[in-house]
Amino acid sequence: MTGTVPLDAVGSGVRISLQDSRGGTLICRATAPQERRLHHGIRRRVFVEEQGVFAASDLDSYDARDDVIHAIAIYNGIAAGTVRLFPIDRDTGLWQGDRLAVLPQFRVHGLGGPLVRFAVAVAAAAGGRQMLAHVQLANVRFFERLGWRRSAAVETYVGRQHQPMTIALPPASGDDVVRLEPSPHTRTGAIGSPASYVSR
């Protein structure tokens, strides 16, 4: 499920804005409450309809928590991808990222990297020190190129093998703008090859 989201409905949260060499524009940001259906719709299309990871719905108890951030990637005004993040332990600064999903027709634009970097930047800005993720095996190299490392043995989750991974979060700078460096492994012309930024 996709839908058009007004680009001025940004709110006051952290966001990434990028432009690719073809003139495409990407914004990664937290969803407003009225946009949550777009976030959930993308997850349903990828995890239920396309991959069959979940039988009917991927929604769980985390989705109802007030401290969970449901983020969305908007490419040229269309909701195209998601990531979800939340604190596991605020005392130790441990966060988790999950439900990274990009609609099939947008995968050629390289939206996954900016979504992962957005999640890392948001958790760091909130005082996080470390982030965890359980990554499908086909995506482990992608996460490693973004600075993540394997943290435990492969586990089975919803009947599929996942690699636990972790990344240390940079200390929050206190600046209004947190600079994100583009990955040197990003395809030429894909989102992320120009300089990117997060503002709060």
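**Close-up views of a predicted model**

**View 1. Helix H1 has a kink of about 30 degrees, centred on Arg44.** The bend at a residue is the angle between axes fitted to the seven residues ending there and the seven starting there. Helices (H or I, at least four residues) and strands (E, at least two) are DSSP runs, numbered from the N terminus. The model is predicted: local features need pLDDT of at least 70, side-chain atom pairs count only at pLDDT 80 or more, and totals for chains, interfaces and linings use all residues. Residues are numbered from 1 along each chain as its sequence is written, and side-chain values use heavy atoms, with hydrogens and water left out. H1 covers residues 36-50, and its 15 residues reach 20 Å from first to last C-alpha, close to the expected 21 Å (1.5 Å times one less than the number of residues). Just after H1, Gly52 has a positive phi of about 65 degrees.

View 2. Buried means under 20% relative accessible area, exposed over 50%, and partly exposed in between (1.4 Å probe, protein chains only). Among the buried residues of H1 are Leu38, Ile42, Val46 and Phe47.

**View 3. Tyr75 and Phe106 form an edge-to-face aromatic pair.** Rings of Phe, Tyr and Trp (its six-membered ring) pair if their centres lie within 6.5 Å; planes under 30 degrees apart count as stacked, over 60 as edge-to-face and the rest as tilted. The count by this rule is four aromatic pairs. For Tyr75 and Phe106 the centres are 6.2 Å apart, with 70 degrees between the planes. Tyr75 lies in S3 (residues 69-75) and Phe106 in the loop between S5 (94-102) and H2 (112-125), so the pair ties together parts 31 residues apart in sequence. Tyr75 is buried at 6% relative accessibility, and Phe106 is buried at 11%.

**View 4. Phe142, Phe143 and Trp148 form one aromatic cluster.** The ring centres of Phe143 and Trp148 are 5.3 Å apart and their planes lie at 80 degrees, so this pair is edge-to-face. Both Phe143 and Trp148 are buried. Leaving aside neighbours within four places in sequence, Trp148 is in contact (heavy atoms within 4.5 Å) with residues including Val116, Met131, Phe143 and Ile167.

**View 5. In the largest nonpolar core, of 45 residues, Leu85, Phe118, Met131 and Trp148 touch the most other members.** H2 gives the most to this core, with eight residues. A nonpolar core is a set of buried Ala, Val, Leu, Ile, Met, Phe, Trp, Tyr and Cys residues joined through side-chain atoms within 4.5 Å.
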